[in-house]
Amino acid sequence: MNKYLYVILISFFLHGLVNAQQLKVEYKLNIFPHTYISYFDLVIDDSHSKWVYKGYEELGEDEESTIQAPSSRQIQFYSSADAIYYEERLLGRFMKVQDQAVGNWQLLVEYDTINGLSCRYATTNFRGRDYRACYSTEIPISQGPWKFKGLPGLIIQIKSTDDFVEYTLNSLSASDEENIEKELKNFQKEEFRSFAEFEKVFINAYDKYIDYLRSNKDPESLGSFYKIGQIEIIYPELQTEQGIEY
């Protein structure tokens, strides 16, 4: 196909999607130690969006492998123009948290092409990690995966500079989901904690759990370490190096 005709067809396709009532963006998440890929859908409806976990696929499997659906109940995650409302799983408990999207973007004068889309780069620091994002103004929607949004176009890829986490756009399509704003309003009827309040609960819960591990440890056994892999670095001693000894 002629190169310029291909570009024109892609432009018409994107124009149709952007002007659809709702847009569904599938992202792949690769997180350290990079042994499997998780799949998420970002469903966008005007100034609202919903982030949905679809399942995972182990790396190294053959070409006929399929996405394994989540085995536990779906965690709710919604975004409005000015806030994010979601559930967080903490040591078997579910907590509802109100948070803000990632801000403080630094726009760079760098260009690239990812998945056939022309992109520009931006960087930011968010809760302990530095990130480099590639966004496309061809899709002028200020959205992205998880808590990342606020750029002059859809985020096509974002990766932490320590190679811990990477989100990459996998597909774009129109969505026939029902009204996300209505779902969000129903969800907002619940009681939410601020992220600062969640941090305190998070640290306190893991302190108690580590005390439990220590109290049940064989006094004659060698030292062991406990570490968790969380995208946001909330408890640095527990999330970096070897973790916390017990």
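Trainee: How do the residues of the lining of the largest cavity divide into nonpolar, polar and charged?

Mentor: The model is a predicted one. The lining of the largest cavity holds eight nonpolar, four polar and three charged residues. Leu-42, Ser-49, Ser-79, Gln-143 and Trp-146 are the closest to the centre of this cavity, among 15 lining residues. Strand 3 and strand 4 each contribute at least two residues to that lining.

Trainee: What makes this space a cavity, and how many cavities of 30 Å³ or more does a search of the whole structure find?

Mentor: A cavity is a space in which a 1.4 Å probe fits but from which it cannot get out.

Trainee: What is the volume of the largest pocket, and which residues lie nearest its centre?

Mentor: The volume of the largest pocket is about 1,000 Å³. Its lining comprises 32 residues, and Leu-29, Phe-40, Ile-75, Glu-88 and Arg-89 lie nearest the centre. The elements giving two or more residues to this lining are strand 1 (23-31), strand 2 (36-45), strand 3 (48-58), strand 5 (84-90) and helix 3 (195-215). Strand 5 provides the largest share, five residues. By type, the lining of the largest pocket has 19 nonpolar, seven polar and six charged residues.

Trainee: Why does Ser-80 count as buried?

Mentor: Buried means under 20% relative accessible area. Ser-80 has 8% relative accessibility, and therefore counts as buried. Ser-80 is located in the loop between strand 4 (77-79) and strand 5. Leaving aside neighbours within four places in sequence, Ser-80 is in contact with Ser-47, His-48, Tyr-85, Lys-149 and Leu-184.

Trainee: What makes the pairing of the side chains of Ser-80 and Asp-82 a polar contact?

Mentor: A polar contact requires a pair of N or O atoms within 3.5 Å, one able to donate a hydrogen and the other to accept it. The side chains of Ser-80 and Asp-82 make such a contact at 2.9 Å.

Trainee: Why is Arg-127 called partly exposed, whereas Glu-241 is called exposed?

Mentor: Exposed means over 50% relative accessible area, buried under 20%, and partly exposed in between. The value for Arg-127 is 24%, so Arg-127 is partly exposed. Glu-241 has 72%, and is therefore exposed. Arg-127 belongs to the loop between strand 8 (117-126) and strand 9 (129-136), and Glu-241 to the loop between helix 4 (236-239) and strand 14 (244-245).

Trainee: What is the phi of Arg-127, and what is that of Glu-241?

Mentor: Most residues other than glycine have a negative phi. Arg-127, which is not a glycine, has a positive phi of about 45 degrees. Glu-241, likewise a residue other than glycine, has a positive phi near 50 degrees.

Trainee: Which residues have the most contacts inside the largest nonpolar core?

Mentor: They are Val-25, Trp-105, Phe-148, Leu-154 and Tyr-167, in a core of 54 residues. Helix 3 gives the most to this core, with seven residues. A second, separate core has eight residues, including Val-43, Tyr-78, Tyr-85 and Phe-192. In soluble globular proteins, nonpolar side chains tend to be buried together.

Definitions and conventions:
Residues numbered from 1 in each chain as written. Predicted model: local features only at pLDDT ≥ 70, side-chain atom pairs only at ≥ 80, totals over all residues. Heavy atoms only, no water. 1 Å grid on protein atoms, 1.4 Å probe; cavity = no way out; pocket = protein on both sides within 12 Å on 5 of 7 lines; lining within 4 Å. Points joined across faces, edges and corners; volume = space filled by probe spheres on them. Helix = DSSP H or I, 4+ residues; strand = E, 2+ residues; numbered from the N terminus. Nonpolar A, V, L, I, M, F, W, Y, C, P; charged D, E, K, R; others polar. Buried < 20%, exposed > 50% of the residue type's maximum accessible area, 1.4 Å probe, protein only. Contact = heavy atoms within 4.5 Å. Core = buried A, V, L, I, M, F, W, Y, C linked by side-chain atoms within 4.5 Å.
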